[in-house]
Amino acid sequence: MIPAPFEYARPTTVDEALQAIAAGGEDVKVLAGGQSLIPVMRLRLAAPETVVDLGRVTELRGVREDGDALVIGAMTTHSDVLADPLIGRYAPLIAEATATVADRQVRHRGTFGGALVHADPAGDLPAVALALDAEFVIAGTGGRRTVPAREFSVDYLTTAVGEEELLVEVRVPKLDGQWGMRYEKFNRVAQAWSIVAVAAAVRRENGHIAEARIGLTNMGPTPLRAGAVEAALAGAEATPEAIAAAAAHAAEGTEPSSDLNAQADYRQHLATVLTRRAVTAAAGL
Amino acid sequence: MTAVEDRTGAPSPEIGKARKRKEDARLITGRTTWTDNMVLPGMLHLAVVRSPVAHARITNVDVTAAADAPGVVAVFTGADLAEEQGSLPCAWPVTPDMVNPGHPSIAVDRVNHVGEAVAVIVARSKAAAQDAVELVDVDYDGLPVVLDMEEAVEGGADLVHDHLESNTSYHFVFDAGEMGTGSDTEQAFADADVVVSRRLIQQRLIPAFMEPRSVVVQPQGDNYTMWSATQIPHILRVMAAMVTGIPEHKLRVVAPDVGGGFGGKLQVNPEEILCLLIARRLGKPVKWTETRSESLMTAHHGRDQIQYVDIAADREGNVKGLRVRLLADMGAYLRLITPGVPALGAFMYPGIYKFPAYRFECDGVFTNKVPTDAYRGAGRPEATFAIERIMDELAVELGMDPMELRRKNWINADEFPFTTVAGLAYDSGDYETATQQALELLGYDELRAEQQRRRESGDRVQLGIGISTFTEMCGLAPSRVLGSLSFGAGGWEHAAIRMLPTGKVEVVTGSTPHGQGHETAWSQLVADSLGVPFEDIEVLHGDTAISSRGLDTYGSRSLVVGGSAVVKAADKVIAKARKIAAHLLEASEDDLEFSGGRFSVRGTPGAGLGIQEIALAIFAAHDYPEGVEPSIDAEATFDPENFSFPHGTHLCAMEVDTETGFVKIRKYACVDDVGTIVNPLIVEGQVHGGLAQGIAQALYEEAVYDADGNLTTGTFVDYLVPSAADLPHFDTGNTVHTAPGNPIGAKGVGEAGCIASTPAVVNAALDAVRHLGVTDIRMPLTPERVWRAIHAGGDGGDRATAGSNAYGGAQTETTAGGGARSSVSNASSLGGDR
Ligand SMILES: Cc1cc2nc3c(=O)[nH]c(=O)nc-3n(C[C@H](O)[C@H](O)[C@H](O)COP(=O)(O)OP(=O)(O)OC[C@H]3O[C@@H](n4cnc5c(N)ncnc54)[C@H](O)[C@@H]3O)c2cc1C
């Protein structure tokens, strides 16, 4: 289908982009890879007055190190993420989850930042960012602010990024050494979104699980941390039994939706199974 | 080249050669004419405003804002076209008293399904037309929505068409006892040791062809040319002429290259008629091309039946009777062959088995959904599914091996031709040999051993093997038989061969391809018949001005009927050329031998004339015999006396993750007998594609409506069509028992994979978890359904009807059943008020 008419701006810097947003009128949409925005516009579920295309804002693209954090530019494409050696080394969970996103064509255009701001509950990267305790750097005309992952996701398709703001970059703590990670995704066909998925990062010490960070995809309008599981795992023995017992808490406090792919109770069941599998793999068992 | 060929100089036969398809380069690269590529001077573009409600009275349509929008030339409502639109045709009144409510192309005062046309915008550009859709203001006064067939047939049910007495269109019965093809069914059941009954559900499917529908109409004086992405240009021409009153000889229909159909383009579409009516009104060329959302929502759907199946047998496993009762969802209207699809299936429920008694009954039921109609297999997949599922259930009941039960009851190779309890004369085959080969291809014994191990160890992943030994009636032809079934047309096919002066050959076929590879296969047939090089042959099709007679492509009929017409026409060319050759070679016709494209004179080495040379000679026509016409061109119309009956054994090994319900095909093997194989590559391609679609019915696809009658699966996010990544490797094989009913010996392969695979897959999943107490799982086998069936019993139950949230809930909107969530915007994707 054909989108409704819109104005188009193509800035080359973050400052220009912010100005274009401010000048764009009532309903402005930022265009990153367009893999979520364009379909919604073509279906006329969104009809922005102005589209601000970030495609030429080169400063937003790429991955760099900054002390004990990785800094991932919002416009870094999924395929760039997959090929990036820093991510492979310090945040393999992101690469593992990104590899499950859609198909090559979509990954070539879709961006890390776009996927996070779009905040689709079935999207894979928000729960990963949450599990990794990422920080989100958001720019507005008044300057930049940093939001922790736990505050980034606000509601269904809604994040802390304000109407006149841009997500600029995401800071991810480097995790290497004793950390093991696993993204366990459940869907029906290869290129589909998650019905439920679990992102797990686990630090082992002396046959025990010292720390576990677990993010749940599509178990509610926003990604969630499986707090009860994390608590049960902290200090637990790294055995299948202990992990299974902890994973049984995975659905606690969740209110997943019921849709064609799964009703809520089944999603809750899947969460426990996938949590067990993800933690088991992340713990190297 | 073999030594033999070197000696005679004859090229190796084309039939049987795995030639790559000559049409593929242009089809795959898109460097060809799809209907939507057509650009005509002054062409206007149509966009259709569609109903967002399933059942309502239209109380007002306000088009003023749309008519004033930039670029808009005209806006038509149902009231504007009511006088001249007539009714879309239904060509298959399966019973004399079938009720047909009539099918307007555009709703006038009532809408009966979501997506029905309520207004048409005509604009100078496609974008302008689309922009104006949202400006049309329609007031709807809601009526009760009828969706559930079992409720719809109850007395006192809400009515889809309140001017009718009920929601039942027809009651069709085939009773073998009454027809004299079997004994009394009730008696057979009364006398049986064992009766197994099941209620099986054939979910609604969407044909999901790759190229969306598209129509261009050009008026010139009182002539009209219509280009359409259709499977049936010939049938469309007759029907469109009758609906619009445009005389048939003033209407030319062209199907240029068409990107798939699967039955979904075997239709006279509302938009085809609307394009004709509007082009006639405005005297301007018009184009309409649907969006994917429109396609999923409004192009006809397939299947959607509830099957109540009873089977009777003795304790030894000899089947005694079969009883089938169907509720078949027609949707809101009857389209071209809507009522005929389930009725056609009536003849296939007995499958390959020797039932002494059989009774079939079917009610066609109206609901407020888009009409159903032909979809790959049309009636036969439903029948095959039911019989192959119930045979497994009977085997379980009897404690018999499911293959043993089949073997005990199937028609043996020495019993062909065999007249079944449904009155069909199966032509040829050997079920045992095909089965043996398939078992070997699968590695049946090892997999059974592994299954045993997994069961014993209580493995989280269980393994099952599913069987489907199927046959189908193909080569939809015998015109007299179709007549006896009240089908509105015959089933013959036409071909013409034109010998050009340079010796090149034009083959004109009435069977219009939409991806099957006719150009290649027909060239192979003619190359062998006429002995001319494959490259020298061009196949023309799809334009009623070029190929004036034909009945098009569906029902695995093209090669069997259309290819046979080509071969018959080639025979006539040779017969005509023989007279010319005899004259030029000064020999008696009886002394001429035709081989490798040359006439030679028996006993006179060296004396001979090639058929391509004769083509030039007769073009010049300087020297030809008295009393014959100066042409060796020929035409033929072929109408076989019987269907053909491909068969095969399909085996599926399935892994089921009992924790999550996820099913994964471990291995798939099939051996099909499709008679003579003209091109093994095309045959294998058809089998692969058919398997993909049949497996998709078993595991992935389902058109889901919510309680208000909105199609929830309105995009490919929620209507899951599997890709190569989701399908296993296929181990395929063939046996060849030629069809006696046509000169090629071919049986048809277009639908085989699709018909056979669905029950094999479901039987496999059930076999994996049967020991856990599971007796049925409803299609598609979503992980959730499999999990529920394992852990809670039953068939897995209904799915939630809300669409998934990807794209921000971009299905039709009122589908957010899974808790309140804000939509990206309230703007309608459909236009009009909501
Ligand atoms: C067929 C298909 C399958 C898919 N499957 C998956 C899947 O399995 N898993 C998955 O996670 N995703 C999937 N996706 C979505 C994919 O990951 C998209 O790339 C992603 O959701 C959006 O990224 P984008 O760069 O294309 O953003 P866009 O579509 O350009 O933008 C998305 C939204 O984010 C806003 N936005 C983008 N960048 C910024 C920014 N820097 N600052 C402020 N706002 C911004 C836009 O305004 C818009 O509202 C799929 C997409 C498709 C088309």
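Two strands are taken to pair if DSSP finds at least two bridges between them. The views below are drawn from a predicted model.

**Figure 1. A four-stranded open sheet in chain B.** The strands follow the order β18-β26-β27-β28, and their pairing is mixed. At the edges lie β18 (461-471) and β28 (730-734) of chain B, each of which pairs on one side only. From one strand to the next, the twist averages 10°. Strands of a sheet pair through backbone hydrogen bonds, in either a parallel or an antiparallel manner.

**Figure 2. The pairing of β26 with β27 in chain B, and the helix across the sheet.** Strand β26 (residues 647-657) and strand β27 (residues 663-673) of chain B run antiparallel and are joined by 10 bridges. Among the residues involved, B:H647 has B:D673 of β27(B) as its bridge partner. Helix α16 (residues 444-457) of chain B lies across β18, β26 and β27 of chain B, and its direction makes an angle of about 145° with β18(B).

**Figure 3. Nonpolar cores.** The largest nonpolar core comprises 165 residues, and those with the most contacts inside it are B:Y358, B:F360, B:Y668 and B:L699. Helix α13 (residues 380-398) of chain B gives the most to this core, contributing nine residues. When residues up to four places away in sequence are not counted, the residues that B:Y358 touches include B:F174, B:L322, B:V324, B:Y349, B:P350 and B:V421. A second, separate core has 46 residues, including B:A521, B:W522, B:V539 and B:I744.

**Figure 4. The ligand site.** Residues of both chain A and chain B surround the ligand, and the site is therefore shared between chains. Of the 31 residues around the ligand, those that come nearest are A:V30, A:G34, A:L37, A:T111 and A:D124. A backbone N or O atom of A:V30 lies 2.5 Å from an oxygen atom of the ligand, and a backbone N or O atom of A:L37 lies 2.7 Å from a ligand oxygen atom. A nitrogen atom of the ligand is 2.9 Å from a backbone N or O atom of A:L167.

**Figure 5. Helix α23 of chain B and its surroundings.** Helix α23 (residues 783-792) of chain B is mostly covered, with eight of its 10 residues buried. Among these buried residues are B:P783, B:V786, B:W787 and B:I790, together with the charged residues B:E784 and B:R785. The buried residues of α23(B) pack against β11 (179-186) and α12 (264-282) of chain A, as well as against β26, β27 and α22 (752-769) of chain B. Just after α23(B), B:G793 adopts a positive phi of about 80°.

Key:
Residues are numbered from 1 along each chain as its sequence is written. Chains are lettered from A and ligands numbered from 1 in the order in which they are written. This is a predicted model: local features need pLDDT of at least 70, side-chain atom pairs count only at pLDDT 80 or more; totals for chains, interfaces and linings use all residues. Side-chain values use heavy atoms; hydrogens and water are left out. Helices (H or I, at least four residues) and strands (E, at least two) are DSSP runs, numbered from the N terminus. Axes are lines fitted to C-alpha atoms, for helices over the stretch in contact, and angles run from 0 to 180 degrees between N-to-C directions. Contact means heavy atoms within 4.5 Å. A nonpolar core is a set of buried Ala, Val, Leu, Ile, Met, Phe, Trp, Tyr and Cys residues joined through side-chain atoms within 4.5 Å. Buried means under 20% relative accessible area, exposed over 50%, partly exposed in between (1.4 Å probe, protein chains only). A residue is near a molecule or strand if one of its heavy atoms lies within 4 Å of it. A polar contact is a pair of N or O atoms within 3.5 Å; within protein, one must be able to donate a hydrogen and the other to accept it, and residues adjacent in sequence count only if both atoms are side-chain atoms.
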